Amino acid sequence: MKIKTILVSQPEPTDVKSPYHELGRKYGLKIDFKPFIKVEAVPAQDFRQERINILDHTAIVLTSRNAVDHFFRMCKELRLNVPEGMKYFCVSESVAYYVQKYIVYRKRKVFIGKNTFQDLLDVIRKHKDEVYLVPCSDIQKQEIPALLDKAGVKYTNAVFYRTVASDLSDLKNLKYDMLVFFSPAGIESLFKNFPKFDQNGTIIAAFGPTTSKAVRDAGLRLDIEAPLPEAPSMTGAIELYIKRLGKKK
């Protein structure tokens, strides 16, 4: 089977040098992008029912740009002034850079992990006296509270936004050689929008163990599982699959 068309269940990268664009040029692929999920804000009225006081906390754990946006949105809706001394623990440099959209960056105010939550936890352990607030979605990774519990720090999980299925009715059908997923919610969206989806020869690619499990739990055949030791990115795993497919001919 020669792969000609791929649908990636995420927004299209804006960088023309994106690995996806490079992959498409290199192998003559038509790669389309369509977010299968979207984020919806939890209204302040609903949040109040959780009886969580943001100002009882001295530090905020930020794991994504969505977490950043919705933390400051909620503060605005609740008419809260975030204290100057509030500390921000960011999972990566890109998230820390994004926080500057809302605050004046100061070295002793913003702390940065290397990319994973485990990395950030090493930083958090050095600040055990802080009381942390973790803005998250309704489908937060289970490892985050588990690691915080293990570290013995005081924290509150707070759902500031929800992840829901996008309306994919404009796709009409899924006539692609390959579908690429990045979250269990993407798989749920697939069957919500296409309840009679039949995989047949469609190649399914999944990034991360929870996404891979969701693919298998849905009764689908998982053809590409990323990351791999020799291919840590999704594009790398797809290219490896294409090369192996070529050798079988």
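Guide: Welcome! This is a predicted model, in which local features need pLDDT of at least 70 and side-chain atom pairs count only at pLDDT 80 or more, while totals for chains, interfaces and linings use all residues. Residues are numbered from 1 along each chain as its sequence is written, and side-chain values use heavy atoms, with hydrogens and water left out.

Visitor: How many helices and strands does the protein have?

Guide: There are 9 helices and 11 strands. Both are DSSP runs numbered from the N terminus: helices are H or I with at least four residues, and strands are E with at least two.

Visitor: Why is α1 called roughly parallel to α9?

Guide: Let's start with the angle. The axes of helix α1 (residues 19-27) and helix α9 (residues 234-247) cross at roughly 20° and come within 9 Å. That crossing angle makes α1 roughly parallel to α9. The scale works like this: angles under 35 degrees count as roughly parallel, over 145 as roughly antiparallel, 65 to 115 as roughly perpendicular, and the rest as oblique. Axes are lines fitted to C-alpha atoms, for helices over the stretch in contact, and angles run from 0 to 180 degrees between N-to-C directions.

Visitor: Which residues of α1 and α9 meet?

Guide: In α1 they are P19, Y20, L23, K26 and Y27, and in α9 they are M234, T235, I238, E239, I242 and K243. By class, this contact has 7 nonpolar, 1 polar and 3 charged residues. Contact here means heavy atoms within 4.5 Å.

Visitor: What makes H70 buried?

Guide: H70 has a relative accessible area of 11%, so H70 is buried. The word means under 20% relative accessible area, with exposed over 50% and partly exposed in between (1.4 Å probe, protein chains only). H70 is found in helix α3 (residues 65-77). Leaving aside residues up to four places away in sequence, H70 touches V39, A41, F160 and Y161.

Visitor: How do you know that V68 is buried?

Guide: V68 has a relative accessible area of 0%, so V68 is buried. Helix α3 holds V68, which touches L62, V95, Y98, V99 and Y102, not counting residues up to four places away in sequence.

Visitor: What share of the residues in the protein is buried?

Guide: Buried residues make up 45% of the 249 residues.

Terms used:
Ala, Val, Leu, Ile, Met, Phe, Trp, Tyr, Cys and Pro count as nonpolar, Asp, Glu, Lys and Arg as charged, and the others, Gly among them, as polar.
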